[in-house]
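Subject: Structure handover

Hello,

Here is the structure I said I would pass on. My notes on the sheet and the helix packing follow below.

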Amino acid sequence: MERLKKHLKKYPLKLIIFDLDGTLVDSIHDIYAALQACCQHYKIPAIPKTAIREFVGPGAEELIKTTIKDTPISLNDFYATFRDLYRRDFISQTHLFPGIQSLLDNLKNHYKLAILTNKPEDASCYLLQNLNIDHLFTKIAGPDTYNIAKPEPGGLLKLIEELNEQPNNSLFIGDTITDIHSAQAANVPHIAITHGYGCSNSITDAKPDAIMNSVSQLEEFLRVHYNSTQKTN
């Protein structure tokens, strides 16, 4: 935490980038419903719902690889079916985590906001449109936007560059070690939040710049930072 505070005192924060699933939105119920339907289609058992949380960060491909392990089913075929089923109804049970709407509304007044997710860009945009928050973001990027998926750092760096900012003046916020590793590799200041799908022990072991245990704690941290920068300007 102190490391991040020192950095933010030295470099003015201009851009905040969020992960999507597990950070801004609770989408696990719709993801699991699509996975169940896909498994029923191929007549194989679905992995337990509690087990899919760890796969949301890396993206659907890792979830599917685990699901079809030891079966003759093609990864491409299963993924295509899963994607089709998910896109038919992937917003019925998905919602913003409590406090996120207020957080975004407040931050929009002070910073550029963007999203970098391992969910495809078009699906992410559609989801955010239906949640009525797409207008809050300057850019919404998925793994297909730059043909780079987290934890590779290239997507994060390209997004920052596209928005005419610098890594030092940016902040990445996510809920899994996938997000932490991406930010660390890109040398971008970052915060890990624990209300999402990441394992608390894994998050701690990854040594992020800061860990926040609630949306209210995150909002208070950013509010204090903004107020302190205003006083010094």
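In which sense do strand 6 (residues 170-174) and strand 7 (residues 190-193) pair, and over how many bridges? The two strands pair in the parallel sense, over three bridges. Please keep in mind that this is a predicted model. Within this pair, I173 stands opposite I191 in strand 7.

Both strands belong to an open sheet of six strands, ordered 5-4-1-6-7-8, with parallel pairing. At its edges are strand 5 (139-141) and strand 8 (210-212), each of which pairs on one side only. On average, neighbouring strands of this sheet are turned by 20° against each other, direction ignored.

Next, the helix pair. Helix 2 (residues 28-42) packs against helix 5 (residues 75-88) at an angle of about 130°, and their axes are 9 Å apart. That angle makes helix 2 oblique to helix 5. The crossing of the two helices is right-handed.

On the helix 2 side, the contact is made by D30, I31, A34, L35, A37, C38, C39, H41 and Y42. Helix 5 contributes D77, F78, T81, F82, L85 and Y86. Sorted by class, this contact has 11 nonpolar residues, two polar and two charged.

Regards

Technical notes: Residues numbered from 1 in each chain as written. Predicted model: local features only at pLDDT ≥ 70, side-chain atom pairs only at ≥ 80, totals over all residues. Heavy atoms only, no water. Axes fitted to C-alpha atoms, helices over the stretch in contact; angles between N-to-C directions. Helix = DSSP H or I, 4+ residues; strand = E, 2+ residues; numbered from the N terminus. Parallel < 35°, antiparallel > 145°, perpendicular 65-115°, else oblique. Left-handed = near helix turned anticlockwise from the far one by under 90°. Contact = heavy atoms within 4.5 Å. Nonpolar A, V, L, I, M, F, W, Y, C, P; charged D, E, K, R; others polar. Pairing = 2+ DSSP bridges.
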